[in-house]
Amino acid sequence: MGYEAASSVAAKDEAVSPSAIEMVLKKSVEVEPLLDTDIFVSSIKKNEPSSPQSDSSSDDPSASKSSALPPSHSANEPKSRPVPSIAKPVTSITKSTPEMSPSSFVYDVLLWKQIPRSAFYFILGGLALELMYRLASSLTLLSAVSYLLLGSLAINFSRTLISGKLIVSPWSSSSCLGASLRFLTAVINVVASTHDSYLNGQDALMTSKAALFLWAASLVTRQFSTLTLLRIAHLAVFSLPLTYATKKKQINVAFESALAQGKKHYVTINPKMKLGAFSFVFLVLVFFLPVLDKAAVSLIFLSFLAHVSKTSDIAGFRRRMVPVARVVNSGYDNLFKICATALNKYEILPVPIKVDVRKKIQ
């Protein structure tokens, strides 16, 4: 009797065990829905020992369900599912500032769109100018740059000596270098576009105005030292754009009224009187000014003379200058070919010059 009762209890355990395992698995899936079942099964398969009887046990449903448990757990031990390690990328919850173009960034800084940022650059520029003033009495530009590089070398060597490796990022891959290069590229593009717009020499009046402005700027700037000009420019770039933006209407009205009055009086003057007065001033300036200033005044005079002259006179002058222009262009082309051939023959430049690319100016 006892043997039969024990065998009946064992048969009941064998019949109940598959369904009990299924209930445990269903509950574990409901409790932990965040775990990926595919990852869990793959992790179990990695922990299962390989045996030749694995193919034969696949026909038995009870064996396949019981094999879902890890081998380290028995039927009587509490069942716990191992949590697979899933590497997730770390995302920042802070919203980054959208990237601005260099021209927009400079525009916002000079117009004080964001006061802390503009104040930072204003104070930084003032401190740099003050440092330059302190060092200008005892150091030249090259010596100051040498000392700055020596300081950078000392800091990097100290960090390397303490930690055994370089802590700071190299300059060649730093974000500051990339931003500086983009800013310099934008500045160079602005300068090039300004040169093409105002210094192309196509319009005689624009040429006269540009030459007069540049010559006046050279006369004013030579009266001050470089450091004084930098200080004036520092204060001007952080004050004049903001002043113009806040009082744009008043400044435009005053400028337009003054320009209209000047044009009104200028039209009433006889062109011959204009040319005579301008020629007198030109001769006086050429007599007293240095060589470079004489060249600048000559350019102003010739461009203004071309502006006040008639179109027919300009066309006749160009026809008379055609033979001269051909001789000059031919000589320039021959000189260019000789220099390019010599540079290519002795490999003076890293890239050879294409001699036949340049077109002749008719």
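Start with Ser208. Ser208 touches Ile300, Ser303 and Phe304, leaving aside residues up to four places away in sequence. A contact here means heavy atoms within 4.5 Å. Ser208 sits in helix α9, residues 204–221. Helices are DSSP runs of H or I, at least four residues long, strands are runs of E, at least two long, and both are numbered from the N terminus. At 8% relative accessibility, Ser208 counts as buried. The cut-offs: buried is under 20% relative accessible area, exposed is over 50%, and partly exposed is in between, with a 1.4 Å probe and protein chains only.

A word on what we are looking at. This is a predicted model, so local features need pLDDT of at least 70, side-chain atom pairs count only at pLDDT 80 or more, and totals for chains, interfaces and linings use all residues. Residues are numbered from 1 along each chain as its sequence is written, and side-chain values use heavy atoms, with hydrogens and water left out.

Now the partner side. Ser303 is in helix α14, residues 291–308. Ser303 touches Ala204, Thr207 and Ser208, again not counting residues up to four places away in sequence. Is Ser303 buried or exposed? Buried, at 7% relative accessibility.

Stay on α14. Leu305 lies in that helix too. Leu305 is partly exposed, at 27% relative accessibility.

Step back to the whole chain. How many helices and strands are there? The protein chain has 16 helices and 0 strands. It has 362 residues, and buried residues make up 12% of them. Take the contacts between residues at least 6 apart in sequence: 55% of these join residues at least 24 apart.

Confidence next. pLDDT is the predictor's confidence in each residue, from 0 to 100. The chain's mean pLDDT is 75, and 69% of its residues reach 70 or more. Residues 1–7 have pLDDT below 50, and beyond near neighbours in sequence this stretch has 0 contacts in the model. Residues 43–75 are also below 50. That stretch has 15 contacts beyond near neighbours in sequence.

On to the largest pocket. First, the general idea. Rolling a probe the size of a water molecule over the atoms shows where empty space is left. The search uses a 1 Å grid over the protein atoms alone. A pocket is an open set of points where a 1.4 Å probe fits, with protein on both sides within 12 Å along at least five of seven lines, and lining residues have an atom within 4 Å of a point. Points are joined across faces, edges and corners, and the volume is the space filled by probe spheres set on them.

The largest pocket holds about 910 Å³ of space. Its lining has 20 residues. Which of them lie nearest its centre? Phe105, Val106, Val109, Tyr121 and Phe183. The elements that give two or more residues to the lining are α5 (102–110), α6 (115–136), α8 (175–198) and α10 (226–237). By type, the lining divides into 14 nonpolar, 4 polar and 2 charged residues. Nonpolar means Ala, Val, Leu, Ile, Met, Phe, Trp, Tyr, Cys and Pro; charged means Asp, Glu, Lys and Arg; the others, Gly among them, are polar.

Backbone now. Most residues other than glycine have a negative phi. Trp112 has a positive phi, near 55°. Trp112 is in the loop between α5 and α6, and is partly exposed at 23% relative accessibility. Glu347 also has a positive phi, near 55°. Glu347 sits in the segment after α16, exposed at 67% relative accessibility.

That segment also holds Lys354, with α16 spanning 322–345. Lys354 is exposed, at 64% relative accessibility. The C-alpha atoms of Lys354 and Ala340 are 7.7 Å apart, and the residues are 14 apart along the chain.

Last item, cysteines. A disulfide is a covalent bond between the sulfur atoms of two cysteines. The rule applied here is a pair of cysteine sulfur atoms within 2.5 Å. How many disulfides does that rule give? The count is 0. Cys176 is exposed, with a relative accessible area of 59%. Cys339 is partly exposed, at 40% relative accessibility.
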